[in-house]
Amino acid sequence: MGALSGLTGYMTLGLGAKPKPASVRISEKEVVISKDSQGLIIGLDAKVSRTASIEWPAPPEELAYVKPYLFSVLPPGCVDINSPEFSNLIPSTQTYPSQPNFIPTSVLQIRSSLSLLATQTIPLPFRQLSSTSSTFSGTTGPVAHATIRLLSPSPIEKAPLYLVTTPTDRAAATLDGSTIWQFKMKSWTDQLDELVIDGQYADALALLDTLDEAALPDKETRRTRIRALNAVADFREAKFDNAIDTFIELDFNPAKVVALYPEQVAGRLSVPLDGWIPLYGGPKLVDDDTVSTTSSPNDTGKAKNEERDGSDTHSQDVSATGALLDTLTVPVAPIAESFRERIGTGLSVKMGAMIRSMPAKEELTSPPNTGSKSKRAVPDDLHRSIEALLRYLSDRRPKLGKALESVGITPKNQSHAAAPLSEASIEELFALPNVSLVVLTPEQLLRCAQIVDTALYKSYLVIRPSLLGSLCRLPNWCEVSEVEEDLRSRKKYAELVDLFNGKKMHAQALALLRELGEKEADVEDQLSPTIQYLQKLGPEHLQQIFESSRWVFATDSNLAFDIFTSEDVELPRQEVSIFLAGIDVKISARYLEFIIEERHEQTPAFHDRLAELYFSMTISAKKKGDDQARNEMYTKLLQFISSNNIYSVDRLYGTLSSTDLFEARAILLGRLGRHGQALELYVYRMHDYLKAAEYCKRVYEPGSETNGIFLTLLRLYLRPTVHISEDLLPPALDLIGRHNTRLDIVETLQLLPPLVTAQNVRAFLIEALRAPLFDTSVIRHISKARHDQLSRRLMLLQTKRVKVTDSRICPQCHKRIGNSVIAVHAPRGEVTHYQCREGFSRRLNEGRR
């Protein structure tokens, strides 16, 4: 700030006497009009355009406007030295003898035309702050009075403002003359930064709206940053919905949004209160202890350059008093902030920073202090803030899902393979850009999805725990390590199991189910959750299924068997069969029975395996002397090899051929077509003639190669191939009596021993006489006689006829028949017209009655 002195000496006193109009134009649509000590904003319609007005302590003597600041000169003795807008600039140690409570000189007051708040208050004389302190330098003696006159500013944007000060003392005016002071405005960037430092985000946004891209190339970037800081301020003031609306509109990094919440919601992303502003791009704050003790509270300078031009010999001294210090350290309660080379709102002297007082994080969960006058959060602020967060997360979640799906990433298939959120540093998460989702890379989208889902889980856990189950069952990107401890502490075990399952962390889920099951007294309650979980695992988790099912089989094998009978998934049957055989061959056999009978398994290997298990269990039971188990297994073996057609007969017979399981060997020989050897086992080894006959009945088919199976059995009875002591004639005669129709008569008679009487084979002989030869002859003769009878009747009927001449009269209508269609009536052969037949028939019937 420079000065020009010695301008015409005493004659310049008249410059301060000419009044200026008490109105000034602040925009194309608004004018400020001074009415007494009140400033009204008038619009184009000559009406008050703003509800707020300017309140001066006295009517201003001068008004001037330099966008966006309104300058006013207040008369001496009207500004209280202890007033808020002035106490920031005047040290408490400086006194004025004439009026100890009011500034005795004229005061230049600067207000923002956007907020109408005073930003600077500069008293005369304009003094410079000492380089070693933030107080005004100068003596404490009497202060010379002077008049201030504002010169009309140039309409050019950011034009400097000039004002003239003239001492009221004539001697001083003659000696020094008038002084011209120049106020230069700082750059728009500096002004915006200063408003941000002061926490005046609404004013910064209003100022930003008045600027164009040419004046501020990074306008949109600054707007985003300032809007985010303003949203943080709203959040601190419990305006959660406003803050969240801003974050949604700005597509803000979810990590930074979640960081505003306590650890029970944000986890390790939670940021302390004093870190919120720096996190969102604001100035860094420091404690009060770091502030210089020589600093005056809230004492800052705003002028970048304040010059005075003049030819006065005292110009150097006046210029020295005109420049104000730009760099100050400003303490802020309750948290302090040190700003190096701070920039003010745009002019030479600025007020102390007034950072908004907002509720801390701990206040969100604590009841309000009724003894404090400061604004405290109400008890439900935590609930309301999380409700607002849920709205943000619910907006982000589907959009992130669609963005990830467009690049082929879905939580259902890839959430377990994605890098855990815990592997990313907090700095990396906070560094995610605040841009639209379409601009983010797949890796950045994935991190955002993990942050959103994890915060969503934690939020539901706090305010909607009853709905957490449905959320856990859906595919998600939640970080399990962030919520596991909370779920366990709240005993949300079902939700934790669902979450483990969705992340394919099956080992942890099964371990938890076992831990919970061991606390149950009932076996079914103990095992059912684990069984149901294992039933849903696919073949890719086969080893996990085997490992986790062992303790279930050890507890109850019948219930454990249900693990491998699920209809939801299909497990590799070969591996399952081998695993179950390692536990118990009976369970393996049961499994093979299940897949063959219920699932209609057609692979020969499984059928062979089941037959081998039946055989091995039969032999094992026999060795142990357990007849009941042996009979049970042997019966199953016989039933299986008799009814099944898929197993390998040769292979199984090779296994059984050296054993004493004669019936099984006989069935297998029959399957191989070696029926004679099979019957030999029944007759000579087992001596079970009834089963031999049943075998023949089972394989007998007329007209096939087994047509003579009964004759083969009879031959074994009557012509033994081995030496036996038992008489086989009775079973042979019984066979002849029961199945004579299936035996060849001639060969049967030839096989009978000579001593067999006709009485012994009477039934056979009677049936032989009823052989087809005799029956066929009788049927043939009866058929011929019937044919002849029918032929004679036909000939008799064919000989009957009637004769119609021109004179033949219809007995019904008594008209000549002529060439009309006729009807012949039985039994005497009367002839009528065809249309008269019904009437004549009635007459005949009545006559017969």
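# Briefing: strands, salt bridges and surface patches

At 16% relative accessibility, Glu663 counts as buried, because buried means under 20% relative accessible area. The structure is a predicted model. A search of the whole of it finds 35 salt bridges.

**Salt bridges**

- Glu663 has a charged partner: its side chain meets that of Lys691 in a salt bridge, at 3.0 Å from N to O.
- This pair links distant parts of the chain. Lys691 sits in helix 30 (residues 689–699) and Glu663 in helix 28 (residues 662–671). The two residues are 28 apart.
- Lys691 has a relative accessible area of 33%, so it is partly exposed. Glu663, at 16%, is buried.
- Asp734 forms a salt bridge with Arg738. Their closest N and O atoms are 3.0 Å apart.
- Both Asp734 and Arg738 belong to helix 32 (residues 729–738). They are four residues apart, about one turn of the helix.
- Asp734 is partly exposed, with a relative accessible area of 40%. Arg738 reaches 63%, so it counts as exposed. The cut-off for exposed is over 50%.
- Glu237 and Lys239 also meet through their side chains in a salt bridge, with N to O at 3.5 Å. Lys239 is partly exposed, at 39% relative accessible area.
- Asp193, Asp218, Arg222 and Arg225 form a network: salt bridges link them.

- Strand 7 covers residues 107–112. Six of its six residues are buried, so the strand is largely enclosed by the rest of the structure.
- In a regular strand, side chains alternate between the two faces of the sheet.
- Val107, Gln109 and Arg111 point one way. Leu108, Ile110 and Ser112 point the other way. All of these residues are buried.
- Strands of a sheet pair through backbone hydrogen bonds, either parallel or antiparallel.
- Strand 6 (residues 69–74) runs antiparallel to strand 7, and six bridges join them.
- Strand 8 (residues 118–123) pairs with strand 7 in the antiparallel sense too, over five bridges.
- Ser72 stands opposite Gln109. In strand 8, the bridge partner of Gln109 is Thr121.
- Strand 7 and strand 8 form a hairpin, with five residues between them. In the turn, Leu116 has a positive phi of about 65 degrees.

- Four strands form an open sheet in the order 1-2-3-4, and their pairing is antiparallel.
- Strand 1 (23–25) and strand 4 (54–55) are the edge strands. Each of them pairs on one side only.
- Strand 3 (residues 38–42) is joined to strand 4 by two bridges, and the two run antiparallel.
- Gln38 has Glu55 as its bridge partner in strand 4.

**Surface patches**

- Glu520, Asp522, Glu524 and Asp525 gather on the surface in a patch of negative charge.
- Asp525 lies in helix 20 (residues 523–535). With 44% relative accessibility, Asp525 is partly exposed.
- Ile745, Val746, Leu749 and Leu765 make a nonpolar surface patch of about 300 Å².
- Helix 33 (residues 745–751) gives the largest share of the nonpolar patch, three residues.
- Ile745 is placed in helix 33. At 32% relative accessibility, Ile745 counts as partly exposed.

**A loop residue**

- Thr441 lies in the loop between helix 14 (426–430) and helix 15 (442–463).
- Thr441 is partly exposed, with 34% relative accessible area.
- Thr441 and Val407 are 34 residues apart along the chain. Their C-alpha atoms are separated by 9.6 Å.

Technical notes:
Residues numbered from 1 in each chain as written. Predicted model: local features only at pLDDT ≥ 70, side-chain atom pairs only at ≥ 80, totals over all residues. Heavy atoms only, no water. Patch = residues over 30% accessible without salt bridge, like charges linked within 9 Å, V, L, I, M, F, W, Y side chains within 5 Å. Areas by Shrake-Rupley, 256 points an atom, 1.4 Å probe, with all protein chains shown as cover. Salt bridge = Lys/Arg side-chain N within 4 Å of Asp/Glu carboxyl O. Lys, Arg positive; Asp, Glu negative; His and termini not counted. Charge placed at Lys NZ, Arg CZ, Asp CG, Glu CD. Buried < 20%, exposed > 50% of the residue type's maximum accessible area, 1.4 Å probe, protein only. Pairing = 2+ DSSP bridges.
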